[in-house]
Amino acid sequence: MAYQRAASVLAAMMVLFASIPTGVQSTGVCYGVHGDGLPSAADVVQLYKSNGITAMRIYVPDVQTLLALNGTNIGVLMDVADENVPRLAASVSAASDWVKINIQRYLPGVSFRYIAVGNEITGSATQSIVPAMKNLNAALSAAGITGIKVSTAVRMDVLSASSPPSFGRFKDGYMKDVVAVINSTGAPLLLNVYPYFAYAGDTKNIDLDFALFQPSSQVIRDDSFNYTNLFDAMVDAVYKGLMHANTDAPIVISESGWPSDGGVGASADNARTYNQNLINHVGKGTPYRSQPLETYVFSMFNENRKPGAETEKHLSVAPRTTLSVAPRTKRFVCLPTCGTQT
Ligand SMILES: *[C@@H]1O[C@H](CO)[C@@H](O)[C@H](O)[C@H]1NC(C)=O
Ligand SMILES: *[C@@H]1O[C@H](CO)[C@@H](O)[C@H](O)[C@H]1NC(C)=O
Ligand SMILES: *[C@@H]1O[C@H](CO)[C@@H](O)[C@H](O)[C@H]1NC(C)=O
């Protein structure tokens with residue numbers, strides 16, 4: 001059953017990922033698990049491998065996933081589960097235990113890149129973010145582990161203003177402390193950015209094509225640049241916030257995607273268009289920063305058990321899979337980029 005699902009998902013993904021340019025190392029896919037009937041972690045890792053997807057974001061340190069990632073070279077962005085952030089903030093020894101259990105045990109076989117201390121944490125819980133980041137950095141360094149960058153994943157509402165991009169400023173005091181930490185370690189800020197939700201919240205003023213990276217008559221005029229897509233404008237607003245906070249820390253896009261159902265402008269066609277255009281676009285960076293923007297597309301699977309808006313449940317990169325299941329012998333349909341197959 002798991003194989004069959006994996007095969008059908010994979011067949012559908014070909015539509016989306018057929019034109020990932022070879023050699024583009026910067027595109028990953030998020031692996032959220034709040035859906036029914038998902039393949040096993042081992043099958044999911046196989047799916048990434050056979051599609052040449054070189055990076056994965058996971059939201060908890062899941063043992064089966066980490067074991068399956070062992071020896072794969074898939075770069076990993078891994079979250080500290082939000083509910084554990086206060087505990088890690090409380091002591092270095094709690095952070096050391098976490099590092100031992102969730103990182104050290106899997107080295108060197110798992111290619112950890114980033115640890116996200118919380119995903120879109122808001123309200124008073126934000127107080128724990130910076131102490132937990134510091135304790136994790138201390139724990140990693142005490143364990144002699146280098147090369148894993150500790151950061152936090154934020155969304156656009158960390159800004160008090162975002163349009164035009166040059167107005168970008170962080171709203172809350174804790175972001176100044178986040179910036180000080182990542183500035184000193186060379187970690188990126190992790191940004192979840194969804195032009196879709198901006199569009200859906202203001203369809204009167206935002207052109208759908210502008211949000212989809214399609215040719216559009218809409219332009220956001222700013223001091224230095226005219227923005228021809230919403231994604232660049234949003235990301236540059238956060239870059240401006242960083243610059244204003246006196247850092248040249250980079251950004252990694254820790255989530256971006258488009259729903260295939262559940263709201264205005266949500267369709268399989270639009271999701272496919274957005275994801276493909278996103279993948280094609282991020283290699284060029286944004287007007288403020290022209291280097292390739294490492295990006296994690298959200299998400300591998302639809303997540304019907306996710307709370308919140310209906311659109312949140314329909315963010316799979318393989319929306320509305322209706323293709324027939326591939327025969328058992330052709331379990332892994334291969335893309336041109338995926339090399340030898342079994
Ligand atoms: C990862 O794979 C290597 C090589 O097969 C093995 O020695 C190691 O025990 C594995 N790590 C874990 C955590 O299972
Ligand atoms: C970031 O690091 C640079 C270079 O070390 C330094 O000049 C700058 O003041 C730092 N910014 C912050 C916010 O700490
Ligand atoms: C943006 O476009 C307007 C109208 O075409 C043009 O006058 C202006 O010079 C452009 N600004 C930049 C920064 O390119």
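I count two residues as in contact if their C-beta atoms, placed from the backbone, lie within 7 Å. With that rule I looked at the whole protein: residues 24 or more positions apart account for 74% of the contacts with a separation of 6 or more.

**Ground rules.** This is a predicted model, so I kept local features to pLDDT of at least 70 and side-chain atom pairs to pLDDT 80 or more, while totals for chains, interfaces and linings use all residues. Residues are numbered from 1 along each chain as its sequence is written, and chains are lettered from A and ligands numbered from 1 in the order in which they are written.

**Overview.** I found eleven helices and twelve strands; helices (H or I, at least four residues) and strands (E, at least two) are DSSP runs, numbered from the N terminus. Next I looked up burial, where a residue is buried if 20 or more other C-beta atoms lie within 10 Å of its own, exposed if 12 or fewer, and partly exposed in between, with C-beta atoms placed from the backbone. Of the 342 residues, 47% count as buried.

**The core.** For a nonpolar core I took a set of buried Ala, Val, Leu, Ile, Met, Phe, Trp, Tyr and Cys residues joined through C-beta atoms within 7 Å. The largest one has 95 residues, and among those with the most contacts inside it are Val 29, Ile 115, Val 117 and Leu 191. Helix α10 (residues 230-244) gives the most to this core, with nine residues. I then picked Val 117 and listed what it touches beyond four places in sequence: Val 80, Val 85, Ile 129, Ala 132, Met 133, Leu 136, Val 150, Ser 151 and Thr 152. A handy reminder for this page: in soluble globular proteins, nonpolar side chains tend to be buried together.

**Strand β3.** How many of the six residues of β3 are buried? Six of the six residues in β3 (residues 75-80) are, so the strand is largely enclosed by the rest of the structure. Gly 75, Leu 77 and Asp 79 point one way, Val 76, Met 78 and Val 80 the other way, and all are buried. I also checked its pairing, which needs at least two bridges found by DSSP between two strands. Strand β2 (residues 55-58) pairs with β3 in the parallel sense over four bridges, and Ala 55 has Gly 75 as its bridge partner in β3.

**Helix α5.** The buried residues of α5 (residues 92-102) are Ala 95, Trp 98, Val 99 and Asn 102. Seen down the axis, they fall within an arc of 100°, so they line one face of the helix; the arc is that of the directions from the helix axis to the C-beta atoms. Ser 93, Lys 100 and Ile 101 are exposed on the other side of α5. The cover over its buried residues includes α4 (85-90) and α6 (129-142).

**Helix α7.** Here, in residues 173-185, I found Met 175, Val 178, Val 179, Val 181 and Ile 182 buried. They cover an arc of only 165° around the axis, which puts them on the same side of α7. Gly 173 and Ser 184 are exposed on the face turned away from that side. The buried residues of α7 pack against α6, β5 (149-155), β7 (169-170), β8 (189-192) and α10. Gly 186 follows α7 and has a positive phi, near 80°.

Tyr 274 is buried, with 26 other C-beta atoms within 10 Å. Its C-alpha atom is separated by 5.0 Å from that of Leu 212, 62 residues apart along the chain. Beyond four places in sequence, Tyr 274 touches Leu 212 and Trp 258. Leu 278 also lies in α11, and it counts as buried with 23 C-beta neighbours inside 10 Å. Leaving aside neighbours within four places in sequence, Leu 278 is in contact with Phe 213, Phe 231, Ser 256, Thr 295 and Val 297.

**The ligands.** A residue is near a ligand here if its C-beta atom, placed from the backbone, lies within 6 Å of it. Which residues surround ligand 2? I noted Val 179, Ala 180, Asn 183, Ala 245, Asn 246 and Thr 247. For classes, Ala, Val, Leu, Ile, Met, Phe, Trp, Tyr, Cys and Pro count as nonpolar, Asp, Glu, Lys and Arg as charged, and the others, Gly among them, as polar. The shell of ligand 2 has three nonpolar, three polar and no charged residues.
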